[in-house]
Each structure stands twice: as C-alpha cells, then as structure tokens.
Amino acid sequence: MTKYLLKCVECKKYGLPNDKLKCRYCGGRLANPKPPKFSLTDKWAKYRIIYFKEEFEKKFE
Ligand SMILES: [Zn+2]
C-alpha cells in the first residue's frame with residue numbers, strides 16, 4: 001500500500017489515494033501535493049514578464 005497522501009485540488013484537504021483519486025470531502029481531484037517544478041518557473045516567469053514589460057515601456061516612452 002502506498003504511504004503517500006494526496007491533496008485535493010479543490011478543497012486543499014489531504015486524503016489517502018483511492019481508486020478514482022477522488023476527494024472524499026468534495027469529490028474533487030486528488031493530486032500529489034509536492035509542488036511541481038514548473039510552478040516555480042511560472043512564478044519567476046511572471047516576474048520576468050513584469051520586468052520585460054517595464055523595460056519595454058522605458059524604451060518606447
Ligand atoms: Zn476536496
């Protein structure tokens with residue numbers, strides 16, 4: 001049996017994995033709670049976009 005706890009993407013509660021990976025609280029999808037790497041990338045990408053936007057505006061003012 002797996003020891004992993006999964007986290008509901010809807011209500012953010014933790015639950016044990018079941019056949020359908022369905023949250024027993026709200027019926028939402030259970031997913032691995034470990035933050036995927038790309039979320040960090042996304043976070044920085046957001047800052048990069050803001051940065052480039054500012055740079056862009058400076059150049060074309
Ligand atoms: Zn849920």
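## Strand pairing and loop residues in a predicted model

In this predicted model, strand 1, which covers residues 6-8, pairs with strand 2 in the antiparallel sense over 2 bridges. Within this pairing, lysine 7 stands opposite tyrosine 14 of strand 2. Taken together, 3 strands form an open sheet in the order 2-1-3, with antiparallel pairing. Strand 2 (14-15) and strand 3 (30-31) stand at the edges and have a single partner strand each, so one side of each is left without a neighbour in the sheet. Strands of a sheet pair through backbone hydrogen bonds, and they may do so in a parallel or an antiparallel manner.

The secondary structure of the protein amounts to 1 helix and 3 strands, and along the sequence these elements follow the pattern β-β-β-α. Of the 61 residues in the protein, 5% are buried. Among contacts between residues at least 6 apart in sequence, 16% join residues that are at least 24 apart.

The loops between the strands hold several residues that can be described individually. Lysine 12 lies in the loop between strand 1 and strand 2, whereas lysine 20, leucine 21 and cysteine 26 are placed in the loop between strand 2 and strand 3. Their surroundings are set out below.

| Residue | C-beta neighbours within 10 Å | Exposure |
|---|---|---|
| Lysine 12 | 12 | exposed |
| Lysine 20 | 9 | exposed |

Why does lysine 12 count as exposed? Lysine 12 has 12 C-beta neighbours inside 10 Å, and a residue is classed as exposed if that number is 12 or fewer.

Most residues other than glycine have a negative phi. Lysine 12, however, has a positive phi near 65°, and leucine 21, which is not a glycine either, has a positive phi of about 50°.

Lysine 20 and leucine 30 are 10 residues apart in sequence, and their C-alpha atoms are 8.7 Å apart in space. Cysteine 26 and valine 9 are 17 residues apart along the chain, with a separation of 10.0 Å between their C-alpha atoms. When residues up to four places away in sequence are not counted, cysteine 26 touches Cys8, Glu10 and Cys11.

Key: Residues are numbered from 1 along each chain as its sequence is written. This is a predicted model: local features need pLDDT of at least 70, side-chain atom pairs count only at pLDDT 80 or more; totals for chains, interfaces and linings use all residues. Two strands pair if DSSP finds at least two bridges between them. Helices (H or I, at least four residues) and strands (E, at least two) are DSSP runs, numbered from the N terminus. A residue is buried if 20 or more other C-beta atoms lie within 10 Å of its own, exposed if 12 or fewer, and partly exposed in between; C-beta atoms are placed from the backbone. Two residues are in contact if their C-beta atoms, placed from the backbone, lie within 7 Å.
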